[in-house]
Amino acid sequence: MAKLLAVKGHPLTSNESFSVKGLEAFLAKYKQENPADEVEVLDVFQADIPEIDEDIITAWGALGQGTEFTALTPAQQDKVSRFNQYTEQFLNSDKVVVASPLWNLMIPARLKVWMDTIMVAGKTFRYTANGPEGLAAGKKVLHLQANGGVYGENDPSSQYVKSIFGFVGAETDHVAVEGHAYAPENAENILADFIGKVEAKASNF
């Protein structure tokens, strides 16, 4: 039995979001093909994911100098604990599917906050004499992205997601729904093609 983590990176529902439509289609097909697998959904707009701020940075510095965790301030302990929970959730997942829109050429800020939790030296990557080495090898990641225009994966958002997961050693794939804002009269056909591709990926994920 494998563990799949589904990350919803859009604040709206499938009624308004093509990326969420893709995520729901993926999960329906994946569960049909893998009924014994454990599936966990993380909505980054509903989850209380701490940002890397002064409390977290100073706590990491103190811990690195040998300070006991219990000696940190209550705010530091709370934020570091919650941050670590999301790191462990990622590490304990065998597969990850992320659905997000392209906003101003980048992923939503709340998704970026979550992605910071999977970039942890000593847990998801390590520094070596030959450069950084990913520690999440063997994980499979699929990124579903909705683009109003057409970019062919040459947008900063999809490149960023690919770079982050690649840095930690995960095997990453990408499917985009594109052009529906430029050609709204073809939106339904564009969506249907996207859903077909998503379901095909889910069948072999």
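This is a predicted model: local features need pLDDT of at least 70, side-chain atom pairs count only at pLDDT 80 or more; totals for chains, interfaces and linings use all residues.

Residues are numbered from 1 along each chain as its sequence is written, and side-chain values use heavy atoms, with hydrogens and water left out.

**Helix packing**

Helices (H or I, at least four residues) and strands (E, at least two) are DSSP runs, numbered from the N terminus. Axes are lines fitted to C-alpha atoms, for helices over the stretch in contact, and angles run from 0 to 180 degrees between N-to-C directions.

| Helix pair | Axis separation | Angle |
|---|---|---|
| H4 (residues 109–116) and H5 (residues 156–167) | within 11 Å | roughly 10° |
| H1 (residues 18–33) and H6 (residues 187–203) | 8 Å | about 35° |
| H2 (residues 54–64) and H3 | 9 Å | about 90° |

Start with H1 and H6. Their crossing is right-handed (the near helix is turned clockwise from the far one by less than a right angle; anticlockwise is left-handed). Contact means heavy atoms within 4.5 Å. H1 contributes Phe18, Lys21, Gly22, Ala25, Phe26, Lys29, Tyr30 and Glu33. From H6 come Ala187, Leu191, Phe194, Ile195, Val198, Glu199, Lys201, Ala202 and Ser203. These residues comprise 10 nonpolar, 2 polar and 5 charged. Here Ala, Val, Leu, Ile, Met, Phe, Trp, Tyr, Cys and Pro count as nonpolar, Asp, Glu, Lys and Arg as charged, and the others, Gly among them, as polar.

How are H4 and H5 oriented to each other? They are roughly parallel. Angles under 35 degrees count as roughly parallel, over 145 as roughly antiparallel, 65 to 115 as roughly perpendicular and the rest as oblique. The H4 and H5 crossing is left-handed. On the H4 side, Lys112, Trp114, Met115 and Asp116 take part. They meet Tyr160, Val161, Ile164 and Phe165 of H5. That contact has 6 nonpolar residues, no polar ones and 2 charged ones.

H4 also has buried residues: Leu111, Val113, Trp114, Met115 and Asp116. Buried means under 20% relative accessible area, exposed over 50%, partly exposed in between (1.4 Å probe, protein chains only). Their cover includes strand S1 (3–8), strand S2 (38–43), H3, S3 and H5.

H2 and H3 pack at about 90°. That makes them roughly perpendicular. Asp55, Ile56, Thr58, Ala59 and Trp60 of H2 meet Ala75, Gln76, Lys79, Val80 and Phe83 of H3. This contact divides into 6 nonpolar, 2 polar and 2 charged residues.

**Buried residues**

Ser19 belongs to helix H1. At 0% relative accessibility, Ser19 is buried. Its side chain makes a polar contact of 2.9 Å with the side chain of Ser17. A polar contact is a pair of N or O atoms within 3.5 Å; within protein, one must be able to donate a hydrogen and the other to accept it, and residues adjacent in sequence count only if both atoms are side-chain atoms. Leaving aside neighbours within four places in sequence, Ser19 contacts His10, Ala99, Ser100, Pro101, Leu144 and Ala146.

Ser93 sits in the loop between helix H3 (74–91) and strand S3 (95–101). It is buried too, at 4% relative accessibility. A polar atom of the Ser93 side chain lies 2.8 Å from the backbone oxygen of Gln89. Beyond four places in sequence, Ser93 contacts Lys3, Leu5 and Lys139.

Phe205 is in the segment after H6. Its relative accessible area is 11%, so Phe205 is buried. Leaving aside neighbours within four places in sequence, its contacts include Phe26, Tyr30, Lys95 and Leu142.

Leu105 lies in the loop between S3 and H4. It is partly exposed, at 42% relative accessibility. Not counting residues up to four places away in sequence, Leu105 touches Tyr151, Pro156 and Ser157.

Asn104 is in the loop between S3 and H4. At 79% relative accessibility, Asn104 is exposed. Its phi is positive, near 50°. Most residues other than glycine have a negative phi.

Glu153 has a positive phi of about 70°. Its loop runs between strand S6 (140–147) and H5. Glu153 is partly exposed, with a relative accessible area of 37%.
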